[in-house]
Amino acid sequence: MSPAPTGPVTGPVPVRPGATLFTAAVATALVTVAYTAPTASLAATAEAAHLGAGGRTWILTGTLVGISALLLTAGSAADDHGRKRVFTFGVLLFAASEALAALAPGGAAYLTARVLLGAGSAAILAPALGLISHAFPPGPARIRALGVWGAAVGLGIAIGPVYGALVAQWAGWRAVGGGLAVVSAALAALASAVLSESRADRPRPLDPWGVLTLAAGTTLLIAGLAEGRTGWGRPAVLVLLAAGVLLLALFALVEAKVREPMLDLSLFRSPGFIAATGGAMFTGLSMVGFMSYLPTLLQGVLGLSGLAVGGVLAIWSGLSVLAALQARRLAAHLAATTQVAVGLLICGIGEAGLYGLGPDSTWARLAPGLAVAGIGSGVLNAALARLAVSSVPAHRAAMGSGANNTSRYVGSALGVAVTVAVAASAHPTTPGHEAAARALAAGTDRAVVVAAVLCFAGALLALASRAAESRRTGAAEGAKAPTRERVPTS
């Protein structure tokens, strides 16, 4: 008889639903905290990092580039090679990029850290919903868990600007990244200890041309949108935008031809998948893009401090957290596609309530509209999380999450560009600070109208998807119904 082993016996980590949800939700909140932290003190951070006006734009855009370019790739890699593995790597890269941001000797290193932060964020966001769907079987428990994940998105947005403004004021801009680096390093250790590994039963080979064309296309498109804020007719901007669109068209062609595509284009025949990706795109266009630029508008029109702006935005993001946590109660009454339409409709009504902002207004003027938009955002985030998982095959949950979040962040880049262009379209008629503030207020009203209209357009797309979904379900049930035997008549 061989002797019994004396060392510790190790094996796969068991599935721990509560710990999995906590880890995925906290990491998701960290991603949105890191993205939004500079928004309330963008000018001060850019000045401290020795960045000019163009560099100020790239503090946020750099992270968008990293996220959008790699989300779908990270989702495919997570499904094929391990969701825990990709997620843990993403948290470690997130921690390293925030450490680099804290220690950056100059603006170039700081912007590089922001791009790496986006890459790490993509590797966190893409597997997160796959980890949750693996830990929670379909049913009320999964719907509740996905609502918590949606609330984490809003929680990070609520915390980010306030955290960034407070820490920068008390300890300097470098401490913003340093604090996030410490928290994310601890989270990586937790993920390694409590998450169980999951992957598709049949891993697919890497799709290198798909990875290359998607990453290059989204990078050039977002770069063109960022540079276009200072003039859309410049040759460099036109070249970036054209090259980005061309490469994304090439990506679609590659995915249609390759045997094992990173993104199965046949999914776009599914009304649920169209509602998921389209709803996410319009969320970015109409809500995330507008709200990302709103701090700049509030500082320019109302003269609020960075900390005050963070507190005002917390009305919107804080209520989105509460609404997402309660959105599970809608699941028994509304299909996910209908819930997306309702969420976008409420968001549009809330944004329309922001119309009429002027230099003589107070922050209280914004509170009703932000409150309504916050409730809509919470309903929307929970519904999009449900659709991202349910609209794709179970073994491709991370890919569905990656596609959904890619649409959201590309839409955000487009939304910021549209907001900036529309808000800057009003010019002061007379010189002076007051005239400039009133012109910016007029431009803000135009941006509010555009954002609200985009919300309503997204709601119509979701309703059309729901109608198509109902027709398909009815046709399928009709095909399955037994044919009634005809009785001959005399």
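Modeller: A crossing is left-handed if the near helix is turned anticlockwise from the far one by less than a right angle. In this predicted model, α1 passes α7 in such a left-handed crossing.

Colleague: Why are α1 and α7 called roughly antiparallel?

Modeller: The axes of α1 (residues 17–36) and α7 (residues 174–194) cross at roughly 155°. Angles over 145 degrees count as roughly antiparallel, and therefore the term applies to α1 and α7. Their axes also come within 10 Å.

Colleague: Which residues of α1 and α7 meet?

Modeller: On the α1 side they include Phe22, Val26, Leu30 and Val33, and on the α7 side Leu180, Val183, Leu187 and Leu190. The residues of this contact divide into 13 nonpolar, two polar and no charged.

Colleague: What makes Gly156 buried?

Modeller: Buried means under 20% relative accessible area; Gly156 has 0%, so the word applies. Gly156 is found in α6 (residues 140–171). Beyond its neighbours within four places in sequence, Gly156 is in contact with Ala29, Thr32, Val33 and Thr36.

Colleague: How many aromatic pairs does a search of the whole structure find?

Modeller: The search finds two.

Colleague: Why is the pair of Tyr110 and Trp173 called edge-to-face?

Modeller: The ring planes stand at 85°, with the centres 5.3 Å apart. Planes over 60 degrees apart count as edge-to-face, so the Tyr110 and Trp173 pair is edge-to-face. Tyr110 lies in α5 and Trp173 in the loop between α6 and α7, 63 residues apart.

Colleague: What about Phe268 and Phe273?

Modeller: Their planes are also at 85°, so this pair is edge-to-face, with centres 5.0 Å apart. Phe273 is buried at 1%, whereas Phe268 is partly exposed at 37%.

Notes:
Residues are numbered from 1 along each chain as its sequence is written. This is a predicted model: local features need pLDDT of at least 70, side-chain atom pairs count only at pLDDT 80 or more; totals for chains, interfaces and linings use all residues. Side-chain values use heavy atoms; hydrogens and water are left out. Axes are lines fitted to C-alpha atoms, for helices over the stretch in contact, and angles run from 0 to 180 degrees between N-to-C directions. Helices (H or I, at least four residues) and strands (E, at least two) are DSSP runs, numbered from the N terminus. Angles under 35 degrees count as roughly parallel, over 145 as roughly antiparallel, 65 to 115 as roughly perpendicular and the rest as oblique. Contact means heavy atoms within 4.5 Å. Ala, Val, Leu, Ile, Met, Phe, Trp, Tyr, Cys and Pro count as nonpolar, Asp, Glu, Lys and Arg as charged, and the others, Gly among them, as polar. Buried means under 20% relative accessible area, exposed over 50%, partly exposed in between (1.4 Å probe, protein chains only). Rings of Phe, Tyr and Trp (its six-membered ring) pair if their centres lie within 6.5 Å; planes under 30 degrees apart count as stacked, over 60 as edge-to-face and the rest as tilted.
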